[in-house]
Number of protein chains: 2
Amino acid sequence: MKEALKEAKKALLTDDVPIGAVVVKDGVIIARAHNEKEKRNDATAHAEVLAIRKATKKLNNWWLEDVTIYVTLEPCAMCMGAMINSRIGRLVFGAWDAKGGCCGSVCDLNKDYKFNHKFETLGGVMQDECGKIITDFFKEKRKK
Amino acid sequence: MKEALKEAKKALLTDDVPIGAVVVKDGVIIARAHNEKEKRNDATAHAEVLAIRKATKKLNNWWLEDVTIYVTLEPCAMCMGAMINSRIGRLVFGAWDAKGGCCGSVCDLNKDYKFNHKFETLGGVMQDECGKIITDFFKEKRKK
């Protein structure tokens, strides 16, 4: 999660909400990404989607069953869907997202429905640090 | 929807499930895409995500409030999430997807929860044609 937080901080350079993700297989980080929505001007460019796409390319396989994705914020519907579609092995996330989180907050796409893949999840890991950089980001925004 | 079906047929060239999408603004098609999951070896490369990304690039704006997306199949969680994130104006889809559809079949992400965007939806448009090319594709697969 520390590595995902490092990624999150990179998003600040392009005025993007600081959210980061890393993908780990066999104890090794195989992909890193941060939110690039503003940088790319693309609402699908969330950290998780970009990290999954990189991992997929690295492994030359869209089936990510043996990997763990670490994300600093609870994933939205799109990102949870991307994890289901990619058959991700495990998700570990930092802060909870009461407004858009789809792994327990607004809903739990992994548990509430019978999609063709379910995966292990763990939320709230380093949630204070992961949440703080986001609230700090919005505090700064409001000052401007 | 006829144009989306044309797109869907292109997916057959790379042995991808034939699903197509077009994005329309002011009566003009601004983006077209088809499912490229197998071609790109990437489970996030659904027709809708690729079409949204192209539309976003074309308009140089991730906010797609005034556009309609036509898709041949009911969108999955990831694609519905991408539409919420992109503030899409309207969704029109063809066949229903009982196993993975998130616009009325398995769930309705647009209506069941309070996300920060809701949009108009219409399902079942040219559903026979849109569904048939998919069932034909799987029939052929099973023969092999």
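A: A salt bridge is counted here when a side-chain nitrogen of Lys or Arg lies within 4 Å of a carboxyl oxygen of Asp or Glu. With that rule, two salt bridges are found across the interface of chain A and chain B. One pair to examine is R53(B) with D42(A), which form a salt bridge with their closest N and O atoms 3.8 Å apart.

The model is a predicted one. For the complex, the predictor reports an ipTM of 0.94 and a pTM of 0.95. Chain A has a mean pLDDT of 96, and 100% of its residues reach 70 or more.

The interface itself brings 30 residues of chain A into contact with 30 residues of chain B. Between chain A and chain B an area of about 2400 Å² is buried, and carbon and sulfur atoms give 60% of that area.

Over all chains, the count by the rule comes to 20 salt bridges. Within chain A, E3(A) forms a salt bridge with R32(A), and the closest N and O atoms of that pair are 3.0 Å apart. This pair links distant parts of the chain, since E3(A) belongs to helix α1 of chain A and R32(A) to strand β2 (residues 28-34) of chain A, 29 residues apart.

Helix α1 leads on to a helix packing in chain A. Helix α1 (residues 2-11) of chain A packs with helix α5 (residues 127-143) of chain A at an angle of about 0 degrees, their axes being 11 Å apart. Because of that angle, α1(A) is roughly parallel to α5(A). On the side of α1(A) the contact is made by L5(A), A8(A) and K9(A), and on the side of α5(A) by E129(A), C130(A) and I133(A). Sorted by class, the residues of this contact are four nonpolar, no polar and two charged.

Chain B can be described in like terms. Helix α1 (residues 2-11) of chain B and helix α5 (residues 127-143) of chain B have axes that come within 11 Å and cross at roughly 0 degrees. The helices α1(B) and α5(B) are therefore roughly parallel to each other. Their contact is made by L5(B), A8(B) and K9(B) of α1(B), together with E129(B), C130(B) and I133(B) of α5(B). The contact of α1(B) with α5(B) divides into four nonpolar, no polar and two charged residues.

Technical notes:
Residues numbered from 1 in each chain as written. Chains lettered and ligands numbered in written order. Predicted model: local features only at pLDDT ≥ 70, side-chain atom pairs only at ≥ 80, totals over all residues. Heavy atoms only, no water. Axes fitted to C-alpha atoms, helices over the stretch in contact; angles between N-to-C directions. Helix = DSSP H or I, 4+ residues; strand = E, 2+ residues; numbered from the N terminus. Parallel < 35°, antiparallel > 145°, perpendicular 65-115°, else oblique. Contact = heavy atoms within 4.5 Å. Nonpolar A, V, L, I, M, F, W, Y, C, P; charged D, E, K, R; others polar. pLDDT = per-residue confidence, 0-100. Buried area = accessible area lost by both parts, 1.4 Å probe.
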